[in-house]
Amino acid sequence: MIRDIVKDESILTQKSELFVRGEDDYIIQDLIDTANAHIENCAGLASIQLGIPKRVIVARNNENKFMVFINPIIIRTSPEMYTTSEGCLSLEGLRTVQRHKSILVSWTTPDYKHKVQMFNGRLAQILQHEIDHCNGKLI
């Protein structure tokens with residue numbers, strides 16, 4: 001189901017709770033549907049942006065498909081950082097942020113496989129932005 005994008009910062013700054021298998025599965029399809037509805041401007045989306053404070057996000061990969069990350073955690077970051085401008089569907093305009101060049105992420109897939117993978121480039125940037133949403137941090 002396509003949901004409205006939350007723009008209320010009092011909601012967006014809430015820390016998200018762990019995604020619960022079986023109980024929260026419906027959120028995955030809602031995230032994908034909503035992200036696809038905004039495909040021209042959406043590189044990623046966190047469930048808090050749908051008003052659901054659960055640790056689940058989607059991020060567009062190099063094949064232009066949305067990957068689902070359940071309970072994602074950044075385990076390690078590179079010391080190298082860069083400055084960039086980012087937008088957000090929940091906020092107006094662009095904002096300047098600092099991002100790590102690479103990150104090691106642990107997460108669960110929709111078929112409940114545990115994964116750990118190093119990301120760099122654009123996908124690393126998207127993941128940092130969306131995981132920040134899970135932690136109640138805005139750009």
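The buried residues of helix α2 are covered by elements that include β1, β2 and β3. This is a predicted model. Strands β1, β2 and β3 belong to an open sheet of five strands with antiparallel pairing, and the chain also carries six salt bridges.

**Helix α2**

- Helix α2 covers residues 26-37 and lies across β1, β2 (56-60) and β3 (66-77). Its direction runs at about 35° to β2.
- The buried residues of α2 are Ile27, Ile28, Asp30, Leu31, Thr34 and Ala35. Viewed down the axis of α2, these buried residues fall within an arc of 165°, so they line one face of the helix.
- At 1.5 Å a residue, the twelve residues of α2 should span 16 Å. The end C-alpha atoms of α2 are 17 Å apart, which agrees with that expectation.

- The edge strands are β1 (44-46) and β7 (114-120), each of which pairs on one side only.
- From one strand to the next, the twist averages 40°.
- Strand β6 (residues 102-108) pairs with β7 in the antiparallel sense, over seven bridges. The bridge partner of Thr108 in β7 is His114.
- Helix α3 (residues 121-134) packs on the sheet and touches β1, β2, β3, β6 and β7. The direction of α3 makes about 155° with that of β2.

- Side chains of opposite charge can pair when their charged atoms come close.
- Glu17 and Lys54 meet in a salt bridge through their side chains, at 3.8 Å from N to O. This pair links distant parts of the chain, 37 residues apart: Glu17 is in the loop between α1 (9-12) and α2, and Lys54 is in the loop between β1 and β2.
- Lys54 has a relative accessible area of 12%, so it counts as buried, the cut-off being under 20%. Glu17, Asp24 and Lys54 are linked in a network of salt bridges.
- Arg99 forms a salt bridge with Glu86, with the closest N and O atoms 2.8 Å apart. This pair also links distant parts of the chain, with Arg99 in strand β5 (residues 91-100) and Glu86 in strand β4 (residues 81-88), 13 residues apart.
- Arg99 is buried at a relative accessible area of 4%, and Glu86 is buried at 5%.
- Lys113 forms a salt bridge with Asp111, with the closest N and O atoms 3.4 Å apart. Asp111 is partly exposed, with a relative accessible area of 48%.

Note on methods. Residues numbered from 1 in each chain as written. Predicted model: local features only at pLDDT ≥ 70, side-chain atom pairs only at ≥ 80, totals over all residues. Heavy atoms only, no water. Pairing = 2+ DSSP bridges. Helix = DSSP H or I, 4+ residues; strand = E, 2+ residues; numbered from the N terminus. Axes fitted to C-alpha atoms, helices over the stretch in contact; angles between N-to-C directions. Contact = heavy atoms within 4.5 Å. Expected span 1.5 Å × (residues − 1). Buried < 20%, exposed > 50% of the residue type's maximum accessible area, 1.4 Å probe, protein only. Arc of directions from axis to C-beta. Salt bridge = Lys/Arg side-chain N within 4 Å of Asp/Glu carboxyl O.
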